[in-house]
There are 2 protein chains.
Amino acid sequence: MAKSQPLFSLLLFIFISGTISQSIIQLSRDHDVYCNSWRFSVETNDVGYWDQVPSRCVSYVQDYMTGDGYRSDSEVAASYALGFAKTVEIAGDGKDAWVFDVDETLLSNLPYYAVHGFGYNLLPNSFSDSTREEVVITISFRTIAELTDRIDCSAPFKLLQRFAHRSESFDELSFDEWVDLAEAPAIQASLNLYKELKQLGFTVFMLTGRSEHQRNATVKNLQLEGYSDWERLILRESSDQGKPATLYKSQRRLELVNEGYRIHGNSGDQWSDLYGFAVSERSFKLPNPLYYIP
Amino acid sequence: MAKSQPLFSLLLFIFISGTISQSIIQLSRDHDVYCNSWRFSVETNDVGYWDQVPSRCVSYVQDYMTGDGYRSDSEVAASYALGFAKTVEIAGDGKDAWVFDVDETLLSNLPYYAVHGFGYNLLPNSFSDSTREEVVITISFRTIAELTDRIDCSAPFKLLQRFAHRSESFDELSFDEWVDLAEAPAIQASLNLYKELKQLGFTVFMLTGRSEHQRNATVKNLQLEGYSDWERLILRESSDQGKPATLYKSQRRLELVNEGYRIHGNSGDQWSDLYGFAVSERSFKLPNPLYYIP
């Protein structure tokens with residue numbers, strides 16, 4: 001009896017740890033199924049307004065954004081945009097237009113979101129500043145190593161190096177500060193599409209929710225990342241502040257239409273880039289499970 | 001030397017078979033990444049018109065439709081629809097309306113598509129009738145066994161039993177014949193949503209691309225599957241034949257608006273159910289990687 005006890009304990013241990021790991025695998029699988037469906041509902045706009053990634057989907061979103069999924073989704077969407085663009089008869093009067101959004105369309109702010117919880121505020125307010133900083137740095141470095149492999153740019157490392165020794169929490173780095181760095185990497189699939197559209201003879205407009213005071217940083221960033229020869233970069237003027245993106249962007253597109261432009265294609269990661277009035281002949285929704293702009 | 005030859009052959013065999021299985025696994029993974037992205041582009045309407053599932057994605061679509069993915073996507077989409085519905089103030093005058101499409105929204109034609117290659121014509125025209133039949137039956141029975149587990153209905157089996165002994169090819173079974181059977185199972189998430197909306201006090205309209213001559217079969221099928229108390233089932237009249245779905249459905253919605261109905265929500269698996277004019281306050285896109293209706 002005494003002899004069989006260690007064996008029994010061992011078997012019990014194996015059984016319990018097996019059950020626990022099975023439960024963990026099952027939970028992770030259930031989360032993935034749910035998060036896949038959440039992303040479906042985000043990308044089809046079924047969710048409508050949302051303010052942060054559900055907590056159970058943060059690591060899913062991180063994997064999606066830094067793995068093959070996001071890159072592949074962007075590439076396939078761009079391939080359909082190009083396929084359509086090739087069917088457009090370019091009149092040669094310079095009026096055949098394509099409209100691009102900027103953030104998460106031409107440029108990726110993933111390095112910024114990587115240090116801001118991938119669309120989820122991971123850090124409860126009760127955390128002290130030092131704990132907060134430590135957590136963010138741990139998350140960041142793990143992610144950044146993957147990021148640099150994937151999006152082929154050294155910006156995340158530079159960003160991290162710059163801020164890793166700051167005594168303040170990363171939370172103090174606002175999105176505006178990040179924009180001013182002008183270090184957002186190009187989304188490769190969009191850059192390729194952009195160049196192809198230029199070659200096909202499209203007149204390209206950029207229509208962004210960024211503000212007029214961010215023009216210099218935005219131009220600098222776009223040029224550094226390989227974008228050139230756009231017709232016009234349209235930013236929010238002071239009179240546009242507070243307007244829903246759908247209204248602001250529709251109004252600006254209408255101005256283009258009134259100037260005689262034929263807007264054939266429109267690429268954007270938000271439905272508010274694509275909906276409204278003066279909409280393009282075809283719209284191309286790029287993936288974005290990080291945030292929602294109404 | 002002679003002694004080492006069998007060992008060498010064995011090692012070579014292990015190496016080659018290892019390489020081959022690795023290649024197969026890699027190919028299958030690449031296909032899944034691509035097919036996931038293809039589905040993203042289908043569901044966001046980036047693809048625009050398409051006529052069949054890409055051949056490399058047929059088994060992916062089959063897995064998605066018969067596995068957890070489709071069920072979960074339908075459930076999560078329905079949960080957002082219900083979440084919105086609960087925010088609507090019901091006036092009590094019977095004019096607060098919700099519009100549902102029928103096929104792939106309230107009813108699933110999966111049993112039909114399971115015997116029609118899951119959105120892809122698997123059978124080249126050069127196949128003889130007997131080969132064609134054999135291939136279809138093999139595919140069907142494998143799939144049907146999974147289907148009945150998943151969508152909780154015996155229709156697929158009944159369908160198969162009925163046609164398995166026919167001498168004609170399955171290709172001769174047109175979609176209209178399938179509709180006449182009135183055996184399409186309910187999509188469970190939609191049935192639950194439907195019942196909840198009725199309880200909340202919404203007036204429900206069904207707006208389908210099916211034709212007026214299919215009214216009896218459609219009503220019978222809907223009732224058998226648990227749908228009841230809808231306000232009106234709108235089908236294509238002869239004057240609607242040939243109209244793009246977007247136009248036909250917009251015109252019908254406009255008639256409802258002109259009758260004083262406030263269309264709060266609209267559920268459909270096609271963008272042509274949701275786009276156009278007289279659109280609802282909120283639209284809910286259900287998944288459908290099987291076919292596209294312009």
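Biologist: How do you know that the span of helix α3 (residues 68-85) of chain B agrees with its number of residues?

Modeller: In this predicted model, the 18 residues should span 26 Å at 1.5 Å a residue, and the end C-alpha atoms are 25 Å apart, which agrees. The expected span is 1.5 Å times one less than the number of residues; helices are DSSP runs (H or I, at least four residues), strands likewise (E, at least two), numbered from the N terminus. Local features need pLDDT of at least 70, side-chain atom pairs count only at pLDDT 80 or more, and totals for interfaces use all residues. Residues are numbered from 1 along each chain, chains are lettered from A, and side-chain values leave out hydrogens and water.

Biologist: Which residues of α3(B) are called buried?

Modeller: Among them are Tyr70(B), Asp73(B), Leu82(B) and Phe84(B); buried means under 20% relative accessible area (1.4 Å probe, protein chains only).

Biologist: What makes chain A and chain B partners in contact?

Modeller: Contact means heavy atoms within 4.5 Å, and 30 residues of chain A meet that with 30 residues of chain B. The area buried between them, the accessible area (1.4 Å probe) lost on being put together, summed over both, is about 2300 Å². Phe40(A), Asp46(A) and Tyr80(A) lose the most area in chain A, together 27% of what that side buries.

Technical notes
Buried < 20%, exposed > 50% of the residue type's maximum accessible area, 1.4 Å probe, protein only. Buried area = accessible area lost by both parts, 1.4 Å probe.
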